[in-house]
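Let's take a walk through this model and look at how its parts hold on to each other. Keep the 3D view open as you read.

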Amino acid sequence: MATQATFRIWRGDPSGGKFQDFVTPVDEGMVVLDAVHRVQAEQAPDLAVRWNCKAGKCGSCSAEINGMPKLMCMTRLSNLNLEMPVIIEPMHAFPVIRDLVTDVSWNFEVKKTIRKFKPRSPDAPDGAWRMQQADVERVQEFRKCIECFLCQDVCHVLRDHHKQDEFIGPRYLVYAAALEMHPLDTEDRVSDLKKKHNIGYCNITTCCRQVCPESITITENAIIPLKERVVDRFFDPLKQLFNII
Amino acid sequence: MPEFRRYSYDVLIIGAGGAGLRAAIEAAANGASVGVVCKSLLGKAHTVMAEGGVAAALANVDDRDNWRVHFADTMRGGQYLNNWRMAELHAKEAPECVRELEAWGALFDRTKDGRILQRNFGGHRYPRLAHVGDRTGLEMIRTLQDHGIHTGMQVHMECTVLNLLLDSGRIAGACGYDREKGLFLVWQAKAVVLATGGIGRAFKITSNSWEYTGDGHALAYRAGAELKDMEFVQFHPTGMVWPISVRGILVTEGVRGEGGVLRNSEGRRFMFDEIPDLYKDQTADNEEEGWRYTQGDKNARRPPELLTRDHVARCINREVKAGRGTPHGGVFLDIAWIKERMPKSEEHIKRKLPSMYHQFKQLADLDITKEPMEVGPTTHYMMGGVSVDGDSQMSTVPGLFAAGEVAAGLHGANRLGGNSLSDLLVFGRRAGRYAAEFAKGNPAATINEAELQASAASALAPFERGPAGENPYKIQYDLQESMQDQVGIVRTESEMERALEILEQLRARAERAGIAGHRQYNNGWHTAMDLDNLLLVSETIARAALLRKESRGAQFREDFPNKDADWGKCNIIVKRGADGAMLVEKRPLQALPPELKAVIEEMK
Ligand SMILES: Cc1cc2nc3c(=O)[nH]c(=O)nc-3n(C[C@H](O)[C@H](O)[C@H](O)COP(=O)(O)OP(=O)(O)OC[C@H]3O[C@@H](n4cnc5c(N)ncnc54)[C@H](O)[C@@H]3O)c2cc1C
Ligand code: SF4
Ligand code: SF4
Ligand code: FES
């Protein structure tokens, strides 16, 4: 492995910015976040970066590394070509605050617009429910989400078409799916999904699924079943009739 | 004069981990207006990293379990230095709190008959940990977050509290800054709940994130509250040691539970070399019996690898110091060896330890089904913290409450795995309820403007000194190095005296720390401001550890290697004296009521 490498890090704020090269020693086993920290400690103390767990569990350190949306703490240098500068940029779909830190507050606002969990009444006198493992597993897949927002970052509806005001993005389609398929939930979000959250904007490009660090099958397991529910409700002629009556 | 942006709430919660969010939900449910402040984005607090599970005597898997057994287990684990009232309430209320999470949407793993599944863990007599694979913390924090955002609480993300504000001895609010823009903020509040977590960043090797700089401990101390049990820092025996970049990341106890063994560089299973007398009868004396235990043989005794965390950590330390460590300064943890005992061992390991398999594969390029891991102790959890009333969680400062890892009492000298997540729920809920009640009964106190300006001035000082000042990162590294070496797993008087001298020098350097740039998302500035808290908690740890001249639970003194009956009856309290000097004093435990004493006797 090389003993040093160049990191081309985007630095700036909402008014603009540019790439700056930092050459720093690298050791075996290092991840991109380590290199960024080393630069920060030794060359640029005011370099802005978010992180927490350093183990792929919190979803704080999302960035674009050589153009790929990734968690910096789980991207090993040994998997990158260190002959070339490693390019590190903030996520593009969100406004920059400073350097590698973006304003992701929109995501937290979107979540509030999705109707909350509403369980059926308890199954047992102790106030608890009975559920089979097989039934919870389907939803457990969605609940692995660490809210890194990398899927939001790559979704063209948000990234290129800026439909933040109309479309909730793959993360929140996964969230809605987790609620809709929850064995205990009694709320109905199908109409919202069509009219308010505009699930129809998604044309199943699968870009979101490909970048999910938790390997959640976003499109096949979450979005498509939700689209089917929408179709069943709004486009099935029999149900249409039923709705009118 | 720096401007302050102003907010006002009935109850201000500092921290948005499990304890903070649970407190916020409860305070809001009791009619209070609630503000929550946290240093990271919502949902990223430390709680998200917890793996193993949440302890509650639901008795879903073994119907012999009940609150009395859980209470006795917790007290035994804490070597009876626990606040018995907290241990009692915790054991009684944890099941209800776990069920409450389910009502808010949490999906725990299930038993065959559809109830919440529970697993075995060190120190718990029966299978007691409700869990979701090995990501229980994520499930918990997400459930609380998703429920909480609909309760009307106002969340101030990426804001750091710098100081608590007082008005004639009672709480008046807090002030701090917003990380994104560097603005100063003041939150006026009738009651404040500290839920800031731990102190792991005072040590070089830790499983904790950057957030764990002991802020809550330091805030409470400076406000005049008493701290307790500060000498008890839990070192988990198995953290990763290689590559350097992942040093300290946790390797779950489950690896040893599945039959993983510890060996030194000579290939020797050194855990057999020293088995404490207290555990001799319960521990296997040969490898064969140990293996049978891990495979569920109820007649076999446990292998010495599964002795208590403090003991295993010390044995590993001894091997490394004696020059029998691995190339990177740890020992070998080998689960791959079980291929000698079972067919298809590779699939078995991947099924039982999926995240460990991926963690090593992804971060260390190592296949744990084929090769041994290198592991060493890592700073993991703080038993000590703000001394609180067992029922209400109020500290010795009126209107200031504390819950979760920042509070002391439940765990005594040593915490059992799984008892933290339940701690957050039980005492987060209580703190929220009593804080709301306090707010109802007390009008808002007055903010002292001079105090605000002083806070801002000291926060801005690193800019005045500029980049020519000391590098704050370097000061932090040196502090971590010193605490690791001199106040770590094995302690002696001379080394701790030395640490105190070094802390003194570091304090002088911290006063010279300088930083370039401006206030917007400036990590260097944040680090400079954290130094005060780190230095303070480090000093409380060193001083309490010096005073306790015995070895018990997480504290091991090489110069006093045995337990001392007299010390077994006392906690250590640290507080600020009237003259500003740090007072460290021995305080007798509260007497155990006869009915609880009877429970402990019965379970012996
Ligand atoms: C890897 C790992 C695995 C674990 N596994 C388990 C397990 O299986 N079972 C178990 O019971 N326990 C486990 N623990 C321990 C447990 O996770 C923690 O003790 C617990 O989550 C602490 O919760 P908390 O709510 O007290 O604090 P945290 O979740 O850490 O939250 C602290 C909050 O306070 C905020 N804060 C701190 N300082 C300030 C400030 N100055 N201003 C504003 N906000 C501030 C932070 O931003 C954060 O929001 C584990 C710990 C680790 C590290
Ligand atoms: S599949 Fe849909 S949600 Fe996912 S990236 Fe493509 S358009 Fe966006
Ligand atoms: S679904 Fe996957 S990519 Fe999207 S936020 Fe969650 S973990 Fe990240
Ligand atoms: S720091 Fe938590 S996911 Fe990278």
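Start with Asp478(B), which counts as partly exposed at 22% relative accessibility. Bear in mind that this is a predicted model. The partner of Asp478(B) is Lys474(B), and their side chains meet in a salt bridge, with 3.1 Å from N to O. Lys474(B) is partly exposed too, with a relative accessible area of 41%. Both residues sit in helix H13 (residues 472–486) of chain B, four residues apart, which is about one turn of the helix.

Why would two side chains pair up like that? Side chains of opposite charge can pair when their charged atoms come close.

**Salt bridges, here and there**

Glu346(B) belongs to helix H9 (residues 345–352) of chain B and Lys370(B) to the loop between helix H10 (354–364) and strand E14 (373–382) of chain B, so the pair ties together parts that are 24 residues apart in sequence. Glu346(B) is partly exposed, with a relative accessible area of 32%.

**Inside chain A**

The domain assignment of chain A gives domain 1 (4–102) and domain 2 (105–239). Their C-alpha centres lie 30 Å apart. The contact takes 14 residues from domain 1 of chain A and 15 residues from domain 2 of chain A.

Which three residues supply more of the area that domain 1 of chain A buries against domain 2 of chain A than any other three? They are Pro69(A), Ala93(A) and Phe94(A), which supply 46% of that area.

There is one salt bridge between these two domains. Six residue pairs are in polar contact across the same interface, both residues being at pLDDT 80 or more. On the side of domain 1 of chain A that touches domain 2 of chain A, strand E3 (62–65) and strand E4 (68–71) of chain A each supply at least two residues. By class, that side has seven nonpolar, four polar and three charged residues.

**Inside chain B**

For chain B, the domain assignment gives domain 1 (235–379) and domain 2 (464–588). Their centres, taken over C-alpha atoms, are 31 Å apart. Eight residues from domain 1 of chain B and ten residues from domain 2 of chain B make up the contact. On the side of domain 1 of chain B that touches domain 2 of chain B, the largest share, four residues, comes from H8(B). The residues of that side divide into four nonpolar, two polar and two charged.

**Where the chains meet**

Now for the two chains together: 55 residues of chain A are in contact with 59 residues of chain B. Seven salt bridges are counted between them. One pair to look up is Asp146(B) with Lys111(A), a salt bridge whose closest N and O atoms are 2.6 Å apart. Which element gives the most to the side of chain A that touches chain B? That is H3(A), with five residues. By class, this side of chain A has 30 nonpolar, nine polar and 16 charged residues.

| Interface | Buried area | Share from carbon and sulfur atoms |
|---|---|---|
| Domain 1 of chain A and domain 2 of chain A | about 1000 Å² | 62% |
| Chain A and chain B | about 4900 Å² | 53% |
| Domain 1 of chain B and domain 2 of chain B | about 690 Å² | 63% |

Technical notes
Residues numbered from 1 in each chain as written. Chains lettered and ligands numbered in written order. Predicted model: local features only at pLDDT ≥ 70, side-chain atom pairs only at ≥ 80, totals over all residues. Heavy atoms only, no water. Buried < 20%, exposed > 50% of the residue type's maximum accessible area, 1.4 Å probe, protein only. Salt bridge = Lys/Arg side-chain N within 4 Å of Asp/Glu carboxyl O. Domains from an automatic or database assignment. Contact = heavy atoms within 4.5 Å. Buried area = accessible area lost by both parts, 1.4 Å probe. Polar contact = N/O pair within 3.5 Å; in protein donor to acceptor, adjacent residues only side chain to side chain. Nonpolar A, V, L, I, M, F, W, Y, C, P; charged D, E, K, R; others polar.
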